[in-house]
Amino acid sequence: MQDILRKQKEITSEKIIKNVQEQLISFMPFMNRAILKMPVEFFETKEEVDDLVEEPTARYVATDGVKIYIDPDYVIEKFKESPAKLPRVYMHMLFHCIFFHPFQYDKVDFEIWDFSTDAAVENTMLELGWKDMGLPNDAKRREYLARINRKISPLTAENLYMYYKENPDVAKKDLEYAPFFKEDDHEYWVSIDNMVGKQRDSDRTDLNGRNNYALEEWKQVGKSIQLNVESLSRYREKMSGDAAESIRNIFKEKYSYRDFLKKFVAPQEEMKINQDEFDYIFYTYGMKLYGNLPLIEPLEYKDTDKIKDFVIAIDTSGSCQGKVVRSFLNKTYTIIKESGTFMDKMNLHIIQCDSRIKSAVKITSQDDFDNYMSDLEVKGFGGTDFRPVFEYVNTQLRNKEFQDFRGLLYLTDGNGVYPKAVPEYPTAFIVVEDPKEKPEIPNWIIKLIMPQTEFEKEEFRYYR
């Protein structure tokens, strides 16, 4: 009799979950692949649970990125309680997977990471503005998020986690909000080091492989959402406020500054032995056989991805002052040194400009760069006019100062006077974001918009 009752509950809960999926697809059709990706599995007895993980202590809903695990009693109870609860919980789990939260559980403070991921996901849910998913706890959530959003931008799990690790006293106090954000169990986010008991090496390998496979799968899902999200205009009437724009922001392409800088890297020929194509066996055999006559001469040229002629411009007005400028140059400097991006003989011009050019320095070696950084003085702080920098570059090109000009990289807040003529060389703006203003930047400029807080981190990166 108990087995029959259990089976009936499972059938009922399956129908409820299917209804939830259809409801979500109706609201967000561009996410249909994510919504239908994971099969549902019911929590069983402890002996029947996957032996690689411990049975969740709070048995209601959970995911490991591969499946969704549910307790039929919980599903039926919450369905009766509120029509908004289960869609909200379901989307909560999906966003965890879309943001790769279950796959970053190694080497973290679990309590802070769990709270950070839940807060980031619920912040996203509230940004969507779907009133049919409103819950009683939302008022308490908004109270916390309004405060924390003033300190962290964008509010992502990674940024929030970093903030709390740097401010443990604040973390201890804010963790009191954790129950208001918890909608699913994270026990299936098990790390290799957090496995229960002493598992066999093969078990650890299987778990690691499963997690890596799931992560790659969700990366593909994220790409499909990015492609589909442009169809949002057809469903705008179903969303309130700026929900459509919020979704675009959620799934916008992510760049690190390191990757962004690579946009200006172009193939070059360097005078060096191409180790990839040079065969030492034939070379040494010829030297041994004939004394000083190798059978194959080493290739003296090798194609490399390096920059030769380049301009970095700093807008020293508005928000681009002091610490931001130093942080930006330090990061650019570090990337160049670590990656060997410039050829041995570089031609880098660093310009500081507000409405007029305040400083223009030519860098031809690593020593020049070291000296510039050690004696760096930020100059300017007037209005912003981008035209003098473009005129400077055009003049250098006319004077043959640049033989192989790769482009102009400009740190700015984006507010200023732009040239009317589109330059013939690549131009990129690293834009310091101001929540109060959205500058109109011409389409011919490649841009990476970054919050000012990002310049204070070890590496500039959007986290989602």
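Predicted model: local features only at pLDDT ≥ 70, side-chain atom pairs only at ≥ 80, totals over all residues.

Trainee: How do you know what confidence the chain has as a whole?

Mentor: The mean pLDDT of the chain is 76. Of its residues, 67% reach 70 or more. Local features need pLDDT of at least 70.

Trainee: Where is confidence lowest, and where is it highest?

Mentor: Strand β4, residues 266-271, is lowest, at a mean of 47. Helix α16, residues 387-398, is highest, at 95. Two stretches also stay under 50. Residues 192-205 do, and the model has 15 contacts for them beyond four places in sequence. Residues 458-464 do as well, with 36 such contacts.

Trainee: Why are α3 and α4 called oblique?

Mentor: Their angle is about 130 degrees. Roughly perpendicular covers 65 to 115, and roughly antiparallel starts over 145. The pair is therefore oblique. The axes lie 8 Å apart.

Trainee: What makes the contact between α3 and α4?

Mentor: From α3 come Y74, V75, K78 and F79. They meet K85, L86 and V89 of α4. By class, that contact has five nonpolar, no polar and two charged residues.

Trainee: Why are α1 and α4 called roughly perpendicular?

Mentor: They pack at about 75 degrees, with axes 10 Å apart. The range for roughly perpendicular is 65 to 115 degrees. The label therefore applies to α1 and α4. On the α1 side, the contact uses I16, I17, V20, Q21, Q23 and L24. On the α4 side, it uses L86, P87, Y90 and M91. The classes are eight nonpolar, two polar and no charged residues.

Trainee: Which residues line the largest cavity?

Mentor: The lining is I17, V20, V40, V61, I68, I70, Y74, V75, L86, V89, Y90 and M93. The elements that give two or more residues are α1 (2-27), β3 (68-70), α3 (72-81) and α4 (85-98). The largest share, four residues, comes from α4.

Trainee: How do you know the class of that lining?

Mentor: Val, Leu, Ile, Met and Tyr are among the residues that count as nonpolar. The lining has 12 nonpolar, no polar and no charged residues.

Definitions and conventions
Residues numbered from 1 in each chain as written. Heavy atoms only, no water. 1 Å grid on protein atoms, 1.4 Å probe; cavity = no way out; pocket = protein on both sides within 12 Å on 5 of 7 lines; lining within 4 Å. Axes fitted to C-alpha atoms, helices over the stretch in contact; angles between N-to-C directions. Parallel < 35°, antiparallel > 145°, perpendicular 65-115°, else oblique. Contact = heavy atoms within 4.5 Å. pLDDT = per-residue confidence, 0-100.
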